Amino acid sequence: MSEELVSHEPATGAELWRGRTSDVDAEVAAARAAWLGWAARPFAYRAETLRRFVDRVKAEAEGFADLIARETGKPLWEARTEVESVCNKVDISVTAYSERTPNRRIEGAMGLRNAVRHKPHGALAVLGPYNFPAHLPNGHIVPALLAGNSVLFKPSEKTPATGAKLVDLFHSAGVPEEVLRLIVGGPDTGKALAAHDGLDGLLFTGSARTGIALNRQFAARPDRILALEMGGNNPIVVWDTADIRTAAILVVQSAFLSAGQRCTNARRLIVKQAMAEPLIEEVRTLSGRLIVDHPHAEPAPYMGPVIDNEAADGLTESFLILMSNGGQVIRHMTRPVEGRPFLTPGIIDVTAMPERPDIELFGPLLQVVRVESFEAAIAEANNTAFGLSAALIGGTPQLYDQFWANARAGVINWNRPTNGASSAAPFGGIGLSGNHRPSAFYAADYCAYPVASSESDALRASIGVGLHDDEGPKLVRKGFI
Ligand code: NAD
């Protein structure tokens with residue numbers, strides 16, 4: 001018998017949504033049966049259907065943003081930007097589909113032609129994270145549907161209401177119900193879905209822990225596409241700038257936007273020793289001014305709560321562990337509302353720590369490392385198994401060239417926050433941040449596969465060499481017998 005999944009608002013603890021966990025077998029069967037029909041539709045039909053989806057989202061934008069804000073705890077202004085990203089995804093994906101997977105026809109002699117066309121994989125699972133519960137899965141769902149796949153979308157168990165609403169909006173725009181299925185459930189449901197024989201691939205956004213488990217699970221299935229978008233332990237390097245104030249703003253945005261719950265948030269501030277004191281003081285002061293409050297509060301907060309008490313407990317505990325291992329506190333991470341997962345920004349200097357943990361601390365926690373040389377800064381930036389985003393603040397064009405050439409990450413920015421990434425560009429990381437299948441503009445690459453065809457309108461063939469002539473074998477005439 002299926003169980004119930006319940007979603008609560010992090011800011012208040014109020015129940016927001018409940019629903020039955022899905023029957024994975026039945027859902028996969030439905031999606032499998034549907035994809036060929038969807039794929040047989042002209043591309044223009046699928047694109048138009050998804051454009052109607054945009055109209056539906058725009059018509060319900062405020063309610064949708066309100067739901068995202070309630071379910072994730074992120075400020076309403078930020079939830080509104082997420083809804084905008086959902087809308088923008090369709091046109092970007094239509095362009096990406098035609099640029100990344102264009103059909104080509106190469107004319108040959110005598111009516112012969114070679115063609116390259118793309119076909120969908122079939123039934124694809126999309127597993128989403130909680131931090132962008134609409135925008136990130138949508139970034140896989142839209143290109144997958146455009147290419148002609150059917151999709152089994154399992155939102156995070158922490159944000160099922162947003163997932164359910166997203167699927168409703170697609171259905172109300174005319175995406176057939178069998179073509180896009182909502183899968184309700186937690187990690188066990190995700191595991192069962194990933195292991196299902198009826199699946200042709202899986203597009204994942206989430207933690208490295210889950211991504212590695214999926215990679216292992218898919219190791220014996222090279223016939224299936226697997227795209228992994230995972231976390232990071234992202235560095236922001238501040239070097240030689242007189243504009244300490246702006247540098248501090250960029251650091252604070254990088255570290256604390258979305259309460260530190262973006263995969264691209266800076267986790268490590270690496271700063272030149274000579275400018276460490278004024279910069280750290282500015283970052284400390286500014287981060288102390290950030291408003292941490294309910295998503296709908298006035299004045300608008302910069303940060304809401306993190307997703308739940310378990311996450312908040314884990315982060316405060318990590319802060320204490322860093323402290324007890326030699327970290328020097330710059331700003332304490334506190335829990336201002338008893339019983340709810342609000343956190344104030346925590347900043348800790350870990351320069352003197354002999355061994356720093358290379359893990360993603362997914363919340364408002366910034367570690368500071370002071371270094372003497374630019375080479376040491378780059379070495380420190382690369383001192384991680386992840387490789388999602390990295391930024392240099394300050395420096396010269398020459399230093400940025402050096403940083404760009406040596407920093408190992410899929411997003412490398414200069415004088416911009418670590419979390420500034422355009423959805424019209426590919427988005428992904430190296431190391432434990434992904435499996436070389438970048439998303440955003442390049443998602444089209446793994447939603448369809450190319451088929452090379454050699455074609456002729458009429459049957460035309462000849463064997464030019466190596467044939468006996470019509471009279472039979474020539475062995476006698478050539479004197480062999
Ligand atoms: P998560 O890995 O816990 O969960 C992601 C999804 O996988 C959920 O739907 C979950 O139910 C499912 N899942 C969990 N265990 C599973 C298993 N063993 N088998 C199959 N499915 C399983 O991630 P999260 O905590 O929801 O999201 C936060 C993480 O996502 C952070 O690490 C963050 O960096 C990462 N993230 C990455 C990107 C990116 O684009 N690179 C973007 C956003 C978030």
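Biologist: What makes the crossing of helix 9 and helix 10 right-handed?

Modeller: Helix 9 and helix 10 cross in the right-handed sense. Bear in mind that this is a predicted model, where local features need pLDDT of at least 70, side-chain atom pairs count only at pLDDT 80 or more, and totals for chains, interfaces and linings use all residues. Residues are numbered from 1 along each chain as its sequence is written, and side-chain values use heavy atoms, with hydrogens and water left out.

Biologist: Why are helix 9 and helix 10 called oblique?

Modeller: The axes of helix 9 (residues 244–256) and helix 10 (residues 273–288) cross at roughly 55 degrees and come within 9 Å. Under 35 degrees counts as roughly parallel, over 145 as roughly antiparallel, 65 to 115 as roughly perpendicular and the rest as oblique. Helix 9 and helix 10 are therefore oblique to each other.

Biologist: Which residues of helix 9 and helix 10 meet?

Modeller: From helix 9, among them Ile244, Val251 and Phe256; from helix 10, Met275, Leu279 and Leu286 are included. By class, that contact (heavy atoms within 4.5 Å) has twelve nonpolar, one polar and two charged residues.

Biologist: How many aromatic pairs does the structure hold?

Modeller: Seven. Rings pair if their centres lie within 6.5 Å; planes under 30 degrees apart count as stacked, over 60 as edge-to-face and the rest as tilted. Trp38 and Tyr45 have ring centres 6.3 Å apart and planes at 75 degrees, so that pair is edge-to-face.

Biologist: How do you know whether Trp38 is buried or exposed?

Modeller: Buried means under 20% relative accessible area, exposed over 50% and partly exposed in between (1.4 Å probe, protein chains only). Trp38 has 3%, so it is buried, whereas Tyr45, at 30%, is partly exposed.

Biologist: What makes the pair of Tyr400 and Trp414 stacked?

Modeller: Their planes are 5 degrees apart and their centres 4.9 Å, which gives a stacked pair. Tyr400 is in helix 13 (residues 397–406) and Trp414 in strand 16 (residues 411–414), 14 residues apart. Tyr400 is buried at 16%, while Trp414 is partly exposed at 28%.

Biologist: Why does Glu27 count as buried?

Modeller: Its relative accessibility is 14%, so Glu27 falls on the buried side of the cut-off. Glu27 sits in helix 1 (residues 24–40). Leaving aside neighbours within four places in sequence, Glu27 is in contact with Ser22, Leu152, Arg181, Leu182 and Ile183.

Key
Axes are lines fitted to C-alpha atoms, for helices over the stretch in contact, and angles run from 0 to 180 degrees between N-to-C directions. Helices (H or I, at least four residues) and strands (E, at least two) are DSSP runs, numbered from the N terminus. A crossing is left-handed if the near helix is turned anticlockwise from the far one by less than a right angle, and right-handed if clockwise. Ala, Val, Leu, Ile, Met, Phe, Trp, Tyr, Cys and Pro count as nonpolar, Asp, Glu, Lys and Arg as charged, and the others, Gly among them, as polar. Rings of Phe, Tyr and Trp (its six-membered ring) pair if their centres lie within 6.5 Å; planes under 30 degrees apart count as stacked, over 60 as edge-to-face and the rest as tilted.
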